[in-house]
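I opened my notebook to write down what I could look up in this structure. Come along and check each entry against the picture.

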Amino acid sequence: MVKIAFNSALAQKGLGKEALVSEKDPETASVYGSESSTGRCLLTLLGLAFILSGLIVGGACVYRYFTPKRLYHGTMHFTELAPDAAGVETREPYYLPRVEEDVEIRDNMAVINVPAPRFGEGDPAYILHDFQRKLTAYLDLTLRNCYVIALNTTVVMAPRDLLDLFMQLMLDSQKTYLVHEDLVVTERIDDLAPLGYYIYNLCDGKPTYRMQRRSDIVGIQKRSVEDCFTIRHFENTYVMETKICQA
Ligand SMILES: *[C@@H]1O[C@H](CO)[C@@H](O)[C@H](O)[C@H]1NC(C)=O
């Protein structure tokens, strides 16, 4: 193929028949040879360009899929009293309990890694907010169960705001207060597929339950013996203590 290309190129230069029989003529053969080496050089460059572009595209894919995700780390110290409660300043203890988190934030979801607290109560957990599906999943790492509830946009900041919050927390921890929420397990979920890709990945293979806010449940009396646990976390400017009870 290369030979043909160069023969026609030479033909245009007026070498005509000589070029076509070049292989048998030592003089033109040398001309042909040098032209051929230029050709080989061009071809090699072309090949290298292909390989290089392949490496760049491949590298971008590898970077996108195999490098560790960007994690943001944040710490919040909190008082157990709401800020409007009287006498907070004077009764504030010397040591404030704290919650630490690592969070991965994307356009439409955030995963929060809550480690076991060094002091105080609370289970270690992964909390996933799927902003597209408008769902939140708690994977309790002690019980290895998953709990799903509608995403509460009042409590959970939008991804961009969450990112801003963690940018500030990367510089310095903040002092805040504790808010409680009370959730109750209502039913077991057998088919995780409708919960979306992210929650499916998080909860696949774990017993998964649907929850409701206790205040939203009408006509269900609080049982005398309930199996409850708490997760302390934040996805806003305050610390949330989520209490989950299995009725
Ligand atoms: C969201 O959370 C707030 C504060 O805990 C609560 O008052 C509100 O009812 C919740 N909204 C929904 C839809 O659950």
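**Notebook: inside the fold**

I started with Ile 244 and listed its contacts, meaning heavy atoms within 4.5 Å. Leaving out residues up to four places away in sequence, Ile 244 touches Tyr 138, Tyr 147, Leu 183, Val 185, Met 211, Asp 227, Cys 228, Phe 229 and Ile 231.

Before going on, I noted that this is a predicted model, where local features need pLDDT of at least 70, side-chain atom pairs count only at pLDDT 80 or more, and totals for chains, interfaces and linings use all residues. I also noted that residues are numbered from 1 along each chain as its sequence is written, and that side-chain values use heavy atoms, with hydrogens and water left out.

**Cores**

Next I looked up nonpolar cores, which are sets of buried Ala, Val, Leu, Ile, Met, Phe, Trp, Tyr and Cys residues joined through side-chain atoms within 4.5 Å. Buried means under 20% relative accessible area, with a 1.4 Å probe and protein chains only.

Which residues have the most contacts inside the largest core? I found Tyr 138, Tyr 147, Phe 166, Met 211 and Ile 244, in a core of 35 residues. Helix H5 (residues 159-171) gives the largest share of this core, 4 residues. Another core lies apart from it and has 15 residues, including Leu 128 and Tyr 198.

**Helices and strands**

I counted 6 helices and 10 strands in the protein chain. Both are DSSP runs numbered from the N terminus, helices (H or I) with at least four residues and strands (E) with at least two.

I then followed strand S8 (residues 208-213), using the rule that two strands pair if DSSP finds at least two bridges between them. S8 runs parallel to strand S6 (residues 145-150), with 3 bridges joining them. Val 148 has Arg 210 in S8 as its bridge partner. Strand S7 (residues 174-189) runs antiparallel to S8, and 6 bridges join these two. Opposite Thr 208 in S8 I found Ile 189.

**The ligand**

What surrounds the ligand? I found Asn 152, Val 155 and Arg 213, counting residues with a heavy atom within 4 Å. For the side chain of Arg 213, the distance from a ligand oxygen atom to an N or O atom is 3.1 Å.

**Whole chain**

Last, I noted that 36% of the 247 residues of the protein chain count as buried.

Conventions: Buried means under 20% relative accessible area, exposed over 50%, partly exposed in between (1.4 Å probe, protein chains only). A polar contact is a pair of N or O atoms within 3.5 Å; within protein, one must be able to donate a hydrogen and the other to accept it, and residues adjacent in sequence count only if both atoms are side-chain atoms.
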